[in-house]
Amino acid sequence: MNEAQALAIKPTGNEFLDDVLEGLRAAPKSLPPKYFYDSVGSQYFDEICNLTDYYPYHTELELLPQVGHEIAQRFHARGLQNLEIVEFGAGSLRKVGILLRALRTVRHFTAIDISQEHLIEACRTLESQYRELTIHPCVHDFTKPLKLSPSDRTRVGFFPGSTIGNLDRDQARTFLRNAGKTLGSASYMIIGVDTQKPEPILHRAYNDGKGVTARFNKNMLVRINRELGGDFTLENFAHHAFYNSELGRIEMHLRSLKEQAVNIDGERFHFGRGESIHTENSYKYRPVDFTQLAKEAGWSTERLWLAPEDLFSISLLKYCGE
Ligand code: AVJ
């Protein structure tokens, strides 16, 4: 892989500071979830994935071999051979191996992630396991449009883990539309989407018994303190996650346990007791609703797989946009 290439796409300017100030000036206060993922946060997320309470990870992982196998058969039947997988929000790359083993004709893999060191590390590991694969790491915020170099390969987007759940419905449509433009006219997308289900299962997944999710959430404040010179007192904030059934989403917040002020970059932010910073949404979709949303964004659903007890879904989409 080409590290210089990855470095070249690294965002410049202090977008983190701008976004933090904007989010904390607003009412209600919020911070974008993409800032969970520095190296430490990406490690916390991996830890979350190892928890039995966090069902989306292992449920999708168990469904993927069958999905990969069936997609391989489809692609074979269509004579599709020259394939490239493009993973959005690639993280630790713990899932793409399953697809690579099923789709044996893939020779190129582009991994897009916001967390540079974590991405390079993950690509190195993958490279040592798949010698015949050309890996293209790309440090990029996948919520922003991206232009890949032209190619004659059939591009297959891979967006696992229900990461799309972080986006609201409008943002999700925009993402899918942009992804279609990035991947090109004859492209496909394999996307993992979490489903709506009884509240206790959802609640447990975001309030795990070991407190890993709480640490993951609070890491946002740790980052602000370290990278932006903030003075958050961590003990004064509590992890708060609940299912908002009306909007069909898990919400994560950091709740102020007392009245207090916090300084960042010479600006002072006041917190009332019980006031919270909204750090993440995680939308859950009924399969029909997701299929409809994808259609509105230019993607037709070729097939949708459901995990046992409908705990998670994976769709194969085909681009039919312009
Ligand atoms: C990576 C965005 C899919 O929303 O479930 C895990 C992140 N947050 N535990 C999710 C997360 C709290 C995760 N996504």
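1. Accessible areas here come from the Shrake-Rupley method with a 1.4 Å probe. On that basis the chain exposes about 14600 Å². Carbon and sulfur atoms supply 49% of that area. The model is predicted.

2. Overall dimensions. The chain has 322 residues and a radius of gyration of 20 Å. A compact globule with that number of residues would have a radius of gyration near 20 Å, so the chain agrees with the globule rule. Along the principal axes, the C-alpha atoms fill a box of roughly 65 × 45 × 35 Å. Buried residues make up 52% of the chain.

3. Composition and contacts. The chain holds 10 helices and 13 strands. Take the contacts with a separation of 6 or more: 71% of them join residues 24 or more positions apart. As for charge, there are 38 positive and 42 negative charges, and their mean positions are 3 Å apart.

4. The open sheet. Four strands line up in the order β1-β11-β8-β7, and the pairing is mixed. The edge strands are β1 (29–30) and β7 (237–244), each pairing on one side only. β7 pairs with β8 (residues 249–256) in the antiparallel sense, over eight bridges. Within that pair, A241 stands opposite M252 in β8.

5. The β12/β13 hairpin. Strand β12 (residues 299–306) and strand β13 (residues 312–319) run antiparallel and are joined by seven bridges. L304 faces S315 of β13 across the pair. Five residues lie between the two strands. Two residues here deserve a check of the backbone. E309, in the turn, has a positive phi of about 60°. D310 has a positive phi of about 55° and is not a glycine. D310 lies in the loop between β12 and β13. Its relative accessible area is 43%, so D310 is partly exposed.

6. Other backbone points. Most residues other than glycine have a negative phi, and most peptide bonds are trans. L93 has a positive phi near 60° and is not a glycine. L93 sits in the loop between β2 (83–88) and α5 (96–102). Is L93 buried or exposed? L93 counts as buried because its relative accessibility is 7%, and the cut-off for buried is under 20%. There is also a cis peptide bond, between A27 and P28, with omega of about -5°. P28 is in the loop between α2 and β1.

7. Helix α2 and its cover. In α2 (residues 15–25) the buried residues are F16, L17, D19, V20, L21, G23 and L24. Their cover includes β1, α9 (212–228), β9, β10 and β11 (276–283). D265 is in the loop between β9 (260–264) and β10 (267–271). Leaving out residues up to four places away in sequence, D265 touches L17, L21 and L228. L17 and L21 are among the buried residues of α2. D265 itself is exposed, because its relative accessible area is 52%.

8. Strands β3 and β4. β4 runs parallel to β3 (residues 106–113), and six bridges join the two. T110 stands opposite H136 in β4.

9. T154. This residue is found in strand β5 (residues 154–159). T154 counts as buried because its relative accessibility is 13%. Beyond residues up to four places away in sequence, T154 touches L80, N82, L83, E84, A186 and Y188.

10. A72. Helix α4 (residues 55–77) contains A72. At 17% relative accessibility, A72 counts as buried. Setting aside neighbours within four places in sequence, A72 is in contact with A102 and L103. F142 is 70 residues from A72 along the chain, and their C-alpha atoms are separated by 26 Å.

Terms used. Residues numbered from 1 in each chain as written. Predicted model: local features only at pLDDT ≥ 70, side-chain atom pairs only at ≥ 80, totals over all residues. Heavy atoms only, no water. Pairing = 2+ DSSP bridges. Rg over C-alpha atoms; globule rule 2.2 N^0.38 Å. Buried < 20%, exposed > 50% of the residue type's maximum accessible area, 1.4 Å probe, protein only. Contact = heavy atoms within 4.5 Å. Lys, Arg positive; Asp, Glu negative; His and termini not counted. Charge placed at Lys NZ, Arg CZ, Asp CG, Glu CD.
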